[in-house]
Amino acid sequence: MTTQQSEAAPEEPSTDLGKKPEEFEQRSPREIRLVMVGLVITMLLAMLDNLIVGTAMPTIVGELHGSEHMSWVVTAYTLATAASTPIWGKVGDLYGRKGSFLVSIVIFLVGSALSGLSQSMDQLIAFRAVQGLGAGGLMVGVMSIMGALVAPRDRGKYQGMFAAVMALATVGGPLIGGFITDHLSWRWTFYVNLPLGAVALAFVVVVLKLPKVRSNAKIDYLGSLLLTVGIVSLVLITTWGGHEYAWGSKQILGLAALGVASLIGFCYVEQRVAEPVIPLGLFRNLNFTMVSIIGFIVGFAMFGAVTFLPTYQQIVQGASATNSGLLLMPMMFGMLVVSLVVGQAITKTGKYRIYPIIGTVVMTGGTLLLSTLSVDTKSFTSSCYMVVLGAGMGFLMQVTMLVAQNSVELKDMGVASSSATLFRTIGGSFGVALFGTLYTNQVNDSLQKLPPEVLAHMKQGGGEGMSAMNPATLQHLPANVLDAYRHGISNGMHTVFLWGTVICLVAVAAALFVREVALRGGPAAAEAKADAALEGAV
């Protein structure tokens, strides 16, 4: 008796969605475009949430009286997302991608509504975790459904749409969050997800047609638990290390021991269960392993840049908080344009190996250029540097997912998509946390070298060093104090991007090992068939 069986054809065994591992069901271009509308809206939900909420956070903690728990509003969401991502991918492979995708959207929307209704910080943190559980399935669902509908050879022309969504979310998120907070209420930063989610649900329910899948296989609960504990431990280390607790403290060392033990146990379990949540055999594929490493570092560089560049732009270059999102447009523009061009080129030629190599080299060059930022750097110059970094990421953002999906059988598409998303998510968490530690330490070291009277100004208002400073208080500082603080920020940026350059060199080395493997599927077979049928009817 087979493990999975298609309801549409019960007399025939099925491996995944009723098809052989290497086959893609032909769809009309119109059907694919309609499905893509729902997928794009869903990705917009996943990308916008943290960016919108981040702008409203000072207002939220002020109203709910919980500034000491502010970091947990973000950490609860991140932990739940990272821990649930691989599980959503496996559930989709076992029980059907459409059903698991719809469930993840509903959970995300329920978490959004409850977060908007929160009356205390404890409630908000708990409901943000619910949101994160749903968010873990959003990105995985988008990528795995696209992977099931569109052959890799034809996928490039659709992936530019997702690059555009990422750019739109990164630039528009802070602006939308600020507008909603100023003119409506911070609660609408969560309620805004509800109409978007309803539209996405409608498109997916009505337009997306995938054969239902039934499975007698059991979910790997023990492996899922061990993986969750390992991920949570690593994220907590990068979140707390150097801030809440010293790196050598018993709390951090204990988390490190727990994380290592959990991941070793996870590897042991995955080799012995029938349906592992992440089949370790995937990593025997060299391309899959290399693009996983590259994806981790792309997340590292992208989230690090998006987090710290606005601080430099506001404090050193004097930009307003409202305009800080617009100042990231050069990076997003570079990423969008290059991603569109690369997607079309891959669809036309079927070749992709050169793009990870070019992308990692350009990304490394971008971080190196950004490490030269100083108090005298003009906005135009820093914008040019950001274009270089964005272009490098544009070569990589969609190609890494494409290569990961092309490296596995169709039955493992969900696992490949979730794994690629997981590595990028974890990379982003590591990037923000580790860059944050380097940045804070470097800025504080610079400030400690200042004369005592300058430090006295820094400590006014109950603050301590850098934590007492924000764009509003900076306006009231004497010129010499302001100059000293800006130099400290510039030194911190130099350290962050210099270390980022070193880490990006690892991605360059990994890209050199990526091999050219033929992409599944030919050039737009479904489109040609549909056009021929239409001509015949006429």
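**Figure 1. Confidence along the chain.** pLDDT is the predictor's confidence in each residue, from 0 to 100. This is a predicted model. pLDDT stays under 50 over residues 461–468. For that stretch the model has 15 contacts beyond four places in sequence. Residues 1–24 also stay under 50. There the model has 57 contacts beyond four places in sequence. Where pLDDT is low, the predicted coordinates should not be read in detail. Across the chain, the average pLDDT is 74, and 72% of the residues score at least 70. Among the elements, strand S1 (residues 4–6) has the lowest mean pLDDT, 39. Helix H13 (residues 354–370) has the highest, 92.

**Figure 2. The second largest pocket.** About 310 Å³ of space lies in this pocket. Its lining holds 15 residues. Leu 227, Ile 231, Leu 263, Leu 422 and Phe 423 lie nearest the centre. H15 gives the largest share, 5 residues. The lining divides into 14 nonpolar residues, 1 polar and no charged.

**Figure 3. Ser 118 in its loop.** Ser 118 sits in the loop between helix H3 (97–116) and helix H4 (121–149). Is this residue, Ser 118, buried or exposed? Ser 118 is buried, because its relative accessible area is 0%, and buried means under 20%. Leaving out residues up to four places away in sequence, Ser 118 touches Leu 64, Gln 123, Leu 124, Phe 127, Trp 186 and Arg 187.

**Figure 4. An edge-to-face pair of rings.** The model has 6 aromatic pairs. One of them joins Phe 283 and Phe 288. Their centres are 5.3 Å apart, with 75° between the planes. The pair is edge-to-face, because planes over 60 degrees apart count as such. Phe 283 is partly exposed, with a relative accessible area of 30%. Phe 288 is buried, at 0%. Ring pairs also link Phe 283, Phe 288 and Phe 423 into a cluster. Phe 423 is among the residues nearest the centre of the second largest pocket.

Figure 5. Phe 296 and Phe 300 both lie in helix H10 (residues 286–315). They are 4 residues apart, about one turn of the helix. Their ring centres are 6.1 Å apart and their planes meet at 45°, so the pair is tilted. Phe 296 is partly exposed, with a relative accessible area of 23%. Phe 300 is buried, at 4%.

Technical notes. Residues numbered from 1 in each chain as written. Predicted model: local features only at pLDDT ≥ 70, side-chain atom pairs only at ≥ 80, totals over all residues. Heavy atoms only, no water. 1 Å grid on protein atoms, 1.4 Å probe; cavity = no way out; pocket = protein on both sides within 12 Å on 5 of 7 lines; lining within 4 Å. Points joined across faces, edges and corners; volume = space filled by probe spheres on them. Helix = DSSP H or I, 4+ residues; strand = E, 2+ residues; numbered from the N terminus. Nonpolar A, V, L, I, M, F, W, Y, C, P; charged D, E, K, R; others polar. Contact = heavy atoms within 4.5 Å. Buried < 20%, exposed > 50% of the residue type's maximum accessible area, 1.4 Å probe, protein only. Phe/Tyr/Trp six-rings, centres within 6.5 Å; stacked < 30°, edge-to-face > 60°.
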